[in-house]
Amino acid sequence: MKKIIFDLDNTLLMFDENYLNDYGSVINGTYEDGLNLYNSIGKYERAVGLYIKNELLDFVNKDLNTNYSVDTFDKLLDVISNKWISGIPDGIEDTLKYLCSKYELYVLTNWFSECQSKRLKRVGLLKYFKEVVGTDKVKAKPNTDGYLYIIGDSKLEDVIMIGDNPDIDIKGANDVGCKSILADYRNKYSDYDNRITDIKELMDIL
Ligand SMILES: [Mg+2]
């Protein structure tokens, strides 16, 4: 079975950094408090990889000397599920419809699967994907666990990773040995070999 693995944020859904304000408001703190929380979750991700909610909270509370509750964290996940999309790439629906006829499509994302599924559902894109694999299921990219889980018994040459981050999405694909395409919508990596600047290009090359 031929498969495509998509990253989610800034590959399928665009988000705007202003959303980081939500971290501060959900915890009834300042923007700075929110940013500290965001960065601490990133630290946990790099140190542990797999998101286990209670352990993540313990880590963050120790790291920041705070006492955030599971309720607060669930509220944050809820806000992210219901906001955090500034747009979708032009032509994405036609592109996914086309790709779906030739490949099995997956999402591999460094965040909670359910939250990311809800965001995809809100813009009508969830139906194109066989599974959304988040860091509550597998270790965060660039760890190869998620790639291997999705590749399953498919041949490596039949799998392609598409994502916007060379150090995360593309590195993981290189480490596992599958093909990759950099989604460079902002044209930041012009000397990069395998890249697209518009998602619609996938209909010509795949
Ligand atoms: Mg991304």
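Which residues have the most contacts inside the largest nonpolar core?

## Basis of the model

This is a predicted model, in which local features need pLDDT of at least 70 and side-chain atom pairs count only at pLDDT 80 or more, while totals for chains, interfaces and linings use all residues. Residues are numbered from 1 along each chain as its sequence is written.

## Overall form

The protein has nine helices and six strands, where helices (H or I, at least four residues) and strands (E, at least two) are DSSP runs numbered from the N terminus. Its radius of gyration, taken over C-alpha atoms, is 17 Å, close to the 17 Å that the globule rule gives for 206 residues, so the protein is as compact as a globular protein of that length; the rule is 2.2 Å times the number of residues to the power 0.38. The C-alpha trace spans about 50 × 35 × 30 Å along its principal axes.

Of the 206 residues, 33% are buried, a term that requires 20 or more other C-beta atoms within 10 Å of the residue's own, with C-beta atoms placed from the backbone. Contacts are counted where two such C-beta atoms lie within 7 Å, and among those between residues at least 6 apart in sequence, 58% join residues at least 24 apart.

## The sheet

Six strands form an open sheet in the order β3-β2-β1-β4-β5-β6, with parallel pairing; two strands pair if DSSP finds at least two bridges between them. Because β3 (131-133) and β6 (195-196) stand at the edges with a single partner strand each, one side of each is left without a neighbour in the sheet.

Strand β4 (residues 159-163) runs parallel to β1 (residues 3-6), to which four bridges join it; K3 has V159 as its bridge partner, and I4 stands opposite I160. On β4's pairing with β5, also parallel, there are four bridges, and here I160 stands opposite K179. Five of the five residues of β4 are buried, with V159, M161 and G163 on one side and I160 and I162 on the other. Helix α8 (residues 166-176) lies across β4 and β5 (179-183), running at about 170° to β5, an angle taken on a scale from 0 to 180 degrees between the N-to-C directions of axes fitted to C-alpha atoms, for helices over the stretch in contact.

## The cores

A nonpolar core is a set of buried Ala, Val, Leu, Ile, Met, Phe, Trp, Tyr and Cys residues joined through C-beta atoms within 7 Å. The largest has 33 residues, and those with the most contacts inside it are I5, F6, Y106, V107, Y147 and C178. Among the elements that give it two or more residues are α5 (92-100), β2 (104-108) and α7 (145-151), while the largest share, four residues, comes from β4.

Leaving aside neighbours within four places in sequence, Y147 is in contact with I5, L108, M161, G172, A173, V176 and C178. Another core, of 13 residues, lies apart from the largest one and includes Y23, V26, L76 and I80.

## The domains

The domain assignment, whose bounds come from an automatic or database source, gives domain 1 (3-15 + 86-205) and domain 2 (17-82). Their centres, taken over C-alpha atoms, are separated by 25 Å, and the contact takes eleven residues from domain 1 and eight residues from domain 2.

Conventions: A residue is buried if 20 or more other C-beta atoms lie within 10 Å of its own, exposed if 12 or fewer, and partly exposed in between; C-beta atoms are placed from the backbone.
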